[in-house]
Amino acid sequence: MLRIMEQTFTHTDILYIYPDVKARTLITWSERALIQPLQDAAGRGSSREYSYFNLIEIGIIGELYRYGLPFSTIKTLMNNEKMKQIIDKNSEYEKTNDIYK
């Protein structure tokens with residue numbers, strides 16, 4: 001059985017997991033380097049693949065938008081080394097405790 005942290009997620013998967021995130025919004029976040037998918041779209045009709053880490057990022061970004069923060073502030077926060085450490089610790093905790101087994 002593939003653990004969630006080792007899975008990749010499609011654009012459609014992400015939209016299912018986060019129904020409040022619009023398809024175009026997710027593409028814009030990728031194009032403007034707010035998130036870095038595992039595999040970016042190579043052209044029309046190609047698909048992006050997202051990691052578990054991306055899944056966490058998208059959830060955080062979505063919440064920050066709901067609080068009304070502007071794009072520039074969110075990008076600064078998401079590129080902050082401290083924020084990356086928090087996300088990494090969350091991923092590491094879940095991996096260590098195998099909560100999705």
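Is Asp20 buried or exposed? Asp20 is exposed, at a relative accessible area of 56% (exposed means over 50%, buried under 20% and partly exposed in between, with a 1.4 Å probe and protein chains only).

## Basis of the model

This is a predicted model, in which local features need pLDDT of at least 70 and side-chain atom pairs count only at pLDDT 80 or more, while totals for chains, interfaces and linings use all residues. Residues are numbered from 1 along each chain as its sequence is written, and side-chain values use heavy atoms, with hydrogens and water left out.

## Salt bridges

The structure holds 3 salt bridges (a side-chain nitrogen of Lys or Arg within 4 Å of a carboxyl oxygen of Asp or Glu). One of them pairs Arg66 with Asp20, with 3.9 Å between the closest N and O atoms. Asp20 sits in the loop between α1 and α2 and Arg66 in helix α3, so this pair ties together parts 46 residues apart in sequence (helices are DSSP runs of H or I with at least four residues, strands are runs of E with at least two, and both are numbered from the N terminus).

Arg66 also meets Glu63 in a salt bridge, at 2.9 Å from N to O. Glu63 and Arg66 are 3 residues apart in helix α3, which means about one helical turn separates them. Both side chains are partly exposed, Arg66 at 48% relative accessibility and Glu63 at 37%. Elsewhere, Arg24 forms a salt bridge with Glu31, the closest N and O atoms being 2.8 Å apart; Arg24 is partly exposed, with a relative accessible area of 49%.

## Helix α2

Helix α2 covers residues 23-31, and its buried residues are Leu26, Ile27, Trp29 and Ser30. They lie on the same side of α2, because they cover an arc of only 160° around the axis (taken from the directions from the helix axis to the C-beta atoms). Their cover includes α1 (11-17), β2 (49-50) and α3. Just after α2, Ala33 has a positive phi of about 65°.

## Helices α3 and α4

The axes of α3 (residues 52-66) and α4 (residues 71-79) come within 10 Å and cross at roughly 145° (axes are lines fitted to C-alpha atoms, for helices over the stretch in contact, and angles run from 0 to 180 degrees between N-to-C directions). On the α3 side, the contact (heavy atoms within 4.5 Å) is made by Glu57, Ile60, Ile61, Leu64 and Tyr65, and on the α4 side by Phe71, Ile74, Leu77 and Met78.
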